[in-house]
Amino acid sequence: RGQRAWWKEASVYQIYPASFKDSSGDGLGDIPGVIEKLDYIKALGVDVVWVSPIYNSPQIDMGYDIADYKAIDARYGTMEDVDRLVSGLHERGLKFLMDLVVNHTSDEHEWFRQSRSSKANQYRNWYIWRKPNFDNHGNRRPPNNWSSYFGGSAWAYDEASGEYYLHLFAKEQPDLNWECDAMREAVYDVMRFWLDKGVDGFRMDVINLISKDSSFADANVTNIGQQYHHGAQHYANGPRLHEYLQVIGGIMNEYDAFSVGEMPWVSDSAEILKCVGSDRNELNMIFNFDIVEGIDHGDGGKFTSKQWEMSELKSIVAKWQRFMYENGGWNALYLENHDQGRTVSRWGSDKPEYRQLAAKMFATFLGLQSGTVFVYQGQELGMSNIPDHWEMEEFKDLETLSHWQELCETRPNETELKAITKAQYHQKSRDNARTPMQWSPDSNAGFSSGQPWFRVNDTYTECNAESQVGVLGSPFEHWAAILRLRKAMPDVFVYGDFQMVDADSEDVFAYTRTFKNDSVLVVCNFRASTMTWTLPSGMSRVQPGDVLISTYGDVPIDRNVLRLRPFEAFACVQ
Ligand code: TEU
């Protein structure tokens, strides 16, 4: 089923450049720092490296606000550094993905400066400008009730021209107007510029938001009492998305390049299949948000709590594993990135006695599914969330800080709510993923010889690369073994079928991967305690010689009943 392709067999490592490795001593990671660590990345066994944005940017949203698509931010290095990075990767047989943010630019991009300069400017139409509304009292109001992801209205008023521009994210991130032919050509030109330079593909930021419904109708009122509402129904997978993606797909095909699109706020599988179906020529794969925004976001949004349920996780995983297999699409597998809390803290345990076990269990759970595996820097070490005792002043992320500010302004005296919300930040704030990479037990975790831009997680003396690389049983070596296993058995682990086993268990996540007569059983104990698990009837008993990988080094066999130790996981041939 489905054609074979190099990108289906590949694994990707994501680098957040600010926090990866600082070579200059200014406290901020940089491109030469990435180059220093290429052998480390190679040793992990990935095939592709994706680096979060390194373009010239005022860094309002850590580079997801681009001021010049063809220039490198001096804080990260130079264009020559990028050339050296690309050749260093290629020499090692690795590919390079740029992070392309083309739903919006920075408000400091020349296109926006021009656009805002006058209504008559030829760039005016490159962004989305609308006249104000006025209420019954003659007060000026935004053109509609859409909220910005970072709080407040999605529209910002521009005094000079008396109009509003749209920004689905920060007001310093104006949305590009994809209805404008010249603007689209400029974006395609940017893509060609990088592909001509030798980059191997793109991770495309919020690519499903580029086509807005041109009526700009109000969003449904979802939060009674609130002024602004989530308008995704009017712009997530909007009317012309596929037309644009087919042009993008055409360019990617010319270069045999790789694409992964980030797609928040869409769940309709038929619609997603249109983006990734093998006959569609749009994108290779997408990141969906079903797990990371589904299982533990409360009704009141990301920073309200919801106890995650195994049954929900299972139904999400089974749905996408089956769906893509049956319909010729492809999954991007991820649990972490620069926007998410760390897996061990969020869904496992980061207690010292469990952290490594949980990290290895999640590696097994994710890494043996069907899809292209994405590993986020530090995930391979089992890095954890920022410690509970860190106070608000340690947080730096725009999303968290705007949420906190709004809370302090609107509910200043609700101490209990504030405490609950802070606990939520410690679970899900994007900052959890953005602490410096922990290279060694030396000062600043070996990340920088200067003062790091972000405080180093207290765990660095125990949790660091130096103590894991080459050490049997470490999370790093376990991840490397998982990635090797995929390479050694591509029929089963890349192209094989997925079937859930014992879907009713609340504690154990088990599945099989099968290709023709070959079948492998994967068993993961998600709990920090010993669990008894009975092999379903019809499955052959687990034999030591059949075990392909295990997190404890041996397997807990007692006929067909297994006593799974805390966070134990293994895979064995059936
Ligand atoms: O993220 C898009 C996005 O939807 C995120 O805001 C996400 O929902 C949230 O952070 C996770 O819960 C992308 C980038 O990954 C993010 O870093 C940028 O801030 C955003 O686009 C705007 O470019």
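This note walks through a predicted model of one protein chain, from its overall build down to single residues.

1. Overall build. The chain holds 15 helices and 23 strands. Along its principal axes, the C-alpha trace spans about 75 × 55 × 50 Å.

2. Packing. Of the 574 residues, 48% are buried. Residues 24 or more positions apart account for 66% of them.

3. An unreviewed UniProt entry lists residues 14-434 as "domain: Glycosyl hydrolase family 13 catalytic". This label comes from the record, and such annotations may be inferred rather than shown by experiment. Over residues 14-434 the chain is 32% helix and 12% strand. The end C-alpha atoms of that stretch are 12 Å apart.

4. The ligand shell. How many residues surround the ligand? There are 15. The closest are Asp61, Tyr64, Phe169, Pro264 and Asp339. By type, the shell divides into 8 charged, 6 nonpolar and 1 polar.

5. Helix H14. This helix covers residues 475-488.

6. Most residues other than glycine have a negative phi. Asparagine 237 has a phi near 55°, a positive value. Aspartate 256 also has a positive phi, of about 55°, and is not a glycine. Both sit in loops. Asparagine 237 is in the loop between strand S11 (201-204) and helix H7 (241-254). Aspartate 256 is in the loop between H7 and strand S12 (258-262).

7. Their surroundings. Is asparagine 237 buried or exposed? Asparagine 237 is buried, because 21 other C-beta atoms lie within 10 Å, and the cut-off for buried is 20 or more. Aspartate 256 has 11 C-beta neighbours inside 10 Å, so it counts as exposed. The cut-off for exposed is 12 or fewer.

8. Alanine 332. This residue lies in strand S14 (residues 332-333). Alanine 332 counts as buried because it has 22 C-beta neighbours inside 10 Å. Which residues does alanine 332 touch, leaving out those up to four places away in sequence? They are Val260, Met285, Ile286, Phe287, Gly371, Thr372 and Phe374. Take isoleucine 286 from that list. Isoleucine 286 is 46 residues from alanine 332 along the chain, yet their C-alpha atoms are separated by 6.0 Å.

9. Alanine 270. Here is another alanine to find in the structure. Alanine 270 is in helix H8 (residues 269-276). With 9 C-beta neighbours inside 10 Å, alanine 270 counts as exposed. Its C-alpha atom is separated by 9.6 Å from that of asparagine 327, which is 57 residues away along the chain.

Terms used
Residues are numbered from 1 along each chain as its sequence is written. This is a predicted model: local features need pLDDT of at least 70, side-chain atom pairs count only at pLDDT 80 or more; totals for chains, interfaces and linings use all residues. Helices (H or I, at least four residues) and strands (E, at least two) are DSSP runs, numbered from the N terminus. The expected span of a helix is 1.5 Å times one less than its number of residues. Two residues are in contact if their C-beta atoms, placed from the backbone, lie within 7 Å. A residue is near a molecule or strand if its C-beta atom, placed from the backbone, lies within 6 Å of it. Ala, Val, Leu, Ile, Met, Phe, Trp, Tyr, Cys and Pro count as nonpolar, Asp, Glu, Lys and Arg as charged, and the others, Gly among them, as polar.
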